[in-house]
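Visitor: I have a structure to go through and would like to ask about it piece by piece. Please put it up first.

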Amino acid sequence: MAIVELRELAEAAQKDYASEIVAGLVNNEIRDLQSEIDDSANIEFIELNSGRGWRIYRRTVMFVLFTVVHEMYPSSEVVSWSYREHLDRAFTISSTPMPTPTRS
């Protein structure tokens, strides 16, 4: 048993996959490629060309978008995001921060 980064195992296995490996299913738990895991764990790789792979990719792109907006325009925030499969992608940036919802 050794602790390894999932990325190392993905790079070694990539030649056996039709599309880019974007994450891993480690003992039935989705893990990012930077995760350190026990190399004796049950590992399945998630490819970009799968439904789960595309969802992971879209969430990553949204995270990058939100981060860039925050860094470039600190007083602004992304207040809505719309993604309609095969149609269009849209987002709205507000220069006035939205109020924080209160819990009842």
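Visitor: What is the relative accessible area of Arg7?
Guide: The cut-offs are under 20% relative accessible area for buried and over 50% for exposed, with partly exposed in between (1.4 Å probe, protein chains only). Arg7 counts as partly exposed because its relative accessible area is 30%.

Visitor: What kind of model is this?
Guide: Residues are numbered from 1 along each chain as its sequence is written, and side-chain values use heavy atoms, with hydrogens and water left out. Local features need pLDDT of at least 70, side-chain atom pairs count only at pLDDT 80 or more, and totals for chains, interfaces and linings use all residues; this is a predicted model.

Visitor: Which residue forms a salt bridge with Arg7?
Guide: A salt bridge here is a side-chain nitrogen of Lys or Arg within 4 Å of a carboxyl oxygen of Asp or Glu. For Arg7 the closest N and O atoms of the pair are 3.8 Å apart.

Visitor: Leaving aside neighbours within four places in sequence, which residues is Ser19 in contact with?
Guide: Ser19 is found in the loop between α1 and β2, where helices (H or I, at least four residues) and strands (E, at least two) are DSSP runs numbered from the N terminus. Its relative accessible area is 14%, so Ser19 is buried. With contact taken as heavy atoms within 4.5 Å, Ser19 touches Gln14, Glu47, Leu48 and Asn49.

Visitor: How far apart in space are Gln14 and Glu47, C-alpha to C-alpha?
Guide: Gln14 is in the loop between α1 (6-13) and β2 (21-26). Not counting residues up to four places away in sequence, Gln14 touches Ser19, Glu20 and Ile21. Gln14 and Glu47 are 33 residues apart in sequence, and their C-alpha atoms are separated by 9.5 Å.

Visitor: Which element gives the most to the lining of the largest pocket?
Guide: The largest pocket holds about 310 Å³ of space. Of its 16 lining residues, Ile21, Val22, Ala23, Leu33 and Ile56 are the closest to its centre. Two or more lining residues come from each of α1, β2, β3 (29-31) and α2. With four residues, the element that gives the most is α2.

Visitor: What is the phi of Asn28 near?
Guide: Asn27, in the loop between β2 and β3, has a positive phi near 50 degrees though it is a residue other than glycine. Asn27 counts as partly exposed because its relative accessibility is 49%. Asn28 lies in the loop between β2 and β3 and counts as exposed because its relative accessibility is 65%. The phi of Asn28 is positive too, near 65 degrees.

Visitor: In which helix is the place of Val68?
Guide: Val68 counts as partly exposed because its relative accessibility is 36%. The place of Val68 is within residues 51-72, which form helix α2.

Key: On a 1 Å grid over the protein atoms alone, a cavity is a set of points where a 1.4 Å probe fits but cannot get out, and a pocket is an open set with protein on both sides within 12 Å along at least five of seven lines; lining residues have an atom within 4 Å of a point. Grid points are joined across faces, edges and corners, and a volume is the space filled by probe spheres set on the points.
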